[in-house]
Amino acid sequence: MTAVATSNTVILGIETSCDETAAALVLGGNDVLSSVVSSQIDIHARFGGVVPEVASRAHLESVIPVVQEAVRTAGIDPSRIDGVAATVGPGLIGALLVGVSTAKALALVWDKPFIGVNHMEAHLYAGLLDDPTLQFPLVVLLVSGGHTMLVEMVDHGTYRMLGRTIDDAAGEAYDKVARYLDLGYPGGPAIDAAAQKGNPEAINFPRAMMHDGLNFSFSGLKTSVINHVRKNPEVSNIDVAASFQAAVVDVLVAKAIMAAQQVGATGVVLGGGVAANSRLRTQLQSQGEINGLRVAVPSPEMCTDNAAMIAAAGWYRLGSDGPTAMSAGANPNLALPVIS
Ligand code: KG4
Ligand code: ZN
């Protein structure tokens, strides 16, 4: 069994931590041969959020066809696969177990290494996958449904936590506000679309902790939106959506730029589902330009959950740590390994 990661090493990545069943083949840590994502959004939409038990069952149904599709579209024989990586956490335990068990079974059958991957570390690698010319140190703004954090990527495998949300994640705020405004699920894209038609300056929502370090807070903003709509029932949804979005993006962009300046980063990389947000993408790019910082905005497919990032992070982990023990389980609360 080989345990080295070379430019010729092909890793199969499997991602099942939440509501996307994904598989991908990546060569040499950054050449994406195939990437297949089967979203469960339609299945969960009628519940207004991800139902863990429903997610696990849907992963069970999709995981083998998704892996088969990834191998087929990569156009290589399965015998070319050198290792199988899967997300071991954080995420929903029942959902994680589907991907971990599948990856271990394939690794055993093929007699190849199994590599357990931290989902948050994989999100950091998504930006590098899109643009391998990026140089460390980098600041990654990771904004998803469950996380909002500013991480310094000092080097491969070496991360420093610069700031994080003290309450709701940015995506969670989007989802909650969209539900309150009856805009649909998932809330991020729904607010993003509504905001295109509204006035971002219509309502001056608070920019929480704007001048108070690199941590974030979004739960007060969500309450402000609810209070404003209650007091002004005639207000237009599109103006509320646009003004809410402007408040979220102002804080995210200001702190990402501040973080990059503080640590002397070569640039800022966006990651996580909220990185698909149109205003966040354009504002970060223009503020980066004004401040002389390189800004990497990966494709929306790389920002949201996918397995190419799992295979890429798995390739680096295989090279640095070797295979993961078959006895290692899934951990729903797995933290990003950081230095102080
Ligand atoms: O990273 P992700 O796919 O899943 C995890 O949370 O791990 O992120 C999903 C989050 C959801 O909260 C969704 O509403 C948000 O990303 N999102 C967006 C947009 N597209 C997805 N938020 C704002 N604007 C968008 N265009
Ligand atoms: Zn994610």
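This report describes the domains, the ligand surroundings and some local backbone features of a predicted model.

**Two domains**

The chain falls into two parts. Domain 1 is made of residues 10-124 together with 303-321, and domain 2 covers 134-300.

**Where the domains meet**

On the side of domain 1, 16 residues are in contact with domain 2, and these meet 21 residues of domain 2. About 1400 Å² is buried between the two domains, and carbon and sulfur atoms account for 69% of that area. Three residues stand out on the domain 1 side: Met120, Leu124 and Cys303 give 49% of the area that domain 1 buries against domain 2, more than any other three residues.

What kinds of polar link cross this interface? Five residue pairs are in polar contact between domain 1 and domain 2, while the number of salt bridges between domain 1 and domain 2 is zero.

Which helices supply at least two residues each to the side of domain 1 that touches domain 2? They are helix H1 (41-45), helix H4 (119-130) and helix H11 (308-321). H4 gives the largest share of that side, with four residues. Sorted by class, the side of domain 1 that touches domain 2 holds eight nonpolar, five polar and three charged residues.

**Around ligand 1**

There are 18 residues around ligand 1, and those that come nearest are Gly145, Asp175, Gly188, Asp192 and Asn277.

| Residue | Part of the residue | Atom of ligand 1 | Distance |
|---|---|---|---|
| Gly145 | polar backbone atom | oxygen | 2.8 Å |
| Asp175 | N or O atom in the side chain | oxygen | 2.7 Å |
| Asn277 | polar side-chain atom | nitrogen | 2.9 Å |

**Salt bridges**

The whole structure contains eleven salt bridges. One joins the side chains of Glu69 and Arg72, with a distance of 3.3 Å from N to O. Where do Glu69 and Arg72 lie? Both are in helix H2 (residues 52-74), three residues apart, about one turn of the helix.

**Local backbone features**

Most peptide bonds are trans, and most residues other than glycine have a negative phi.

The peptide bond between Gly89 and Pro90 is cis, with omega at about -10 degrees. Pro90 sits in the loop that runs between strand E4 (83-89) and helix H3 (93-110). Another cis peptide bond links Phe136 to Pro137, and its omega is about -5 degrees. Pro137 belongs to the loop between H4 and strand E6 (138-143).

Where are the residues with positive phi? Asp111, which is not a glycine, has a phi near 55 degrees, and its place is the loop between H3 and strand E5 (114-118). Asp182 is likewise not a glycine and has a positive phi of about 65 degrees. Asp182 is found in the loop between helix H5 (170-180) and helix H6 (187-197).

Technical notes:
Residues numbered from 1 in each chain as written. Chains lettered and ligands numbered in written order. Predicted model: local features only at pLDDT ≥ 70, side-chain atom pairs only at ≥ 80, totals over all residues. Heavy atoms only, no water. Domains from an automatic or database assignment. Contact = heavy atoms within 4.5 Å. Buried area = accessible area lost by both parts, 1.4 Å probe. Salt bridge = Lys/Arg side-chain N within 4 Å of Asp/Glu carboxyl O. Polar contact = N/O pair within 3.5 Å; in protein donor to acceptor, adjacent residues only side chain to side chain. Nonpolar A, V, L, I, M, F, W, Y, C, P; charged D, E, K, R; others polar. Near = heavy atom within 4 Å.
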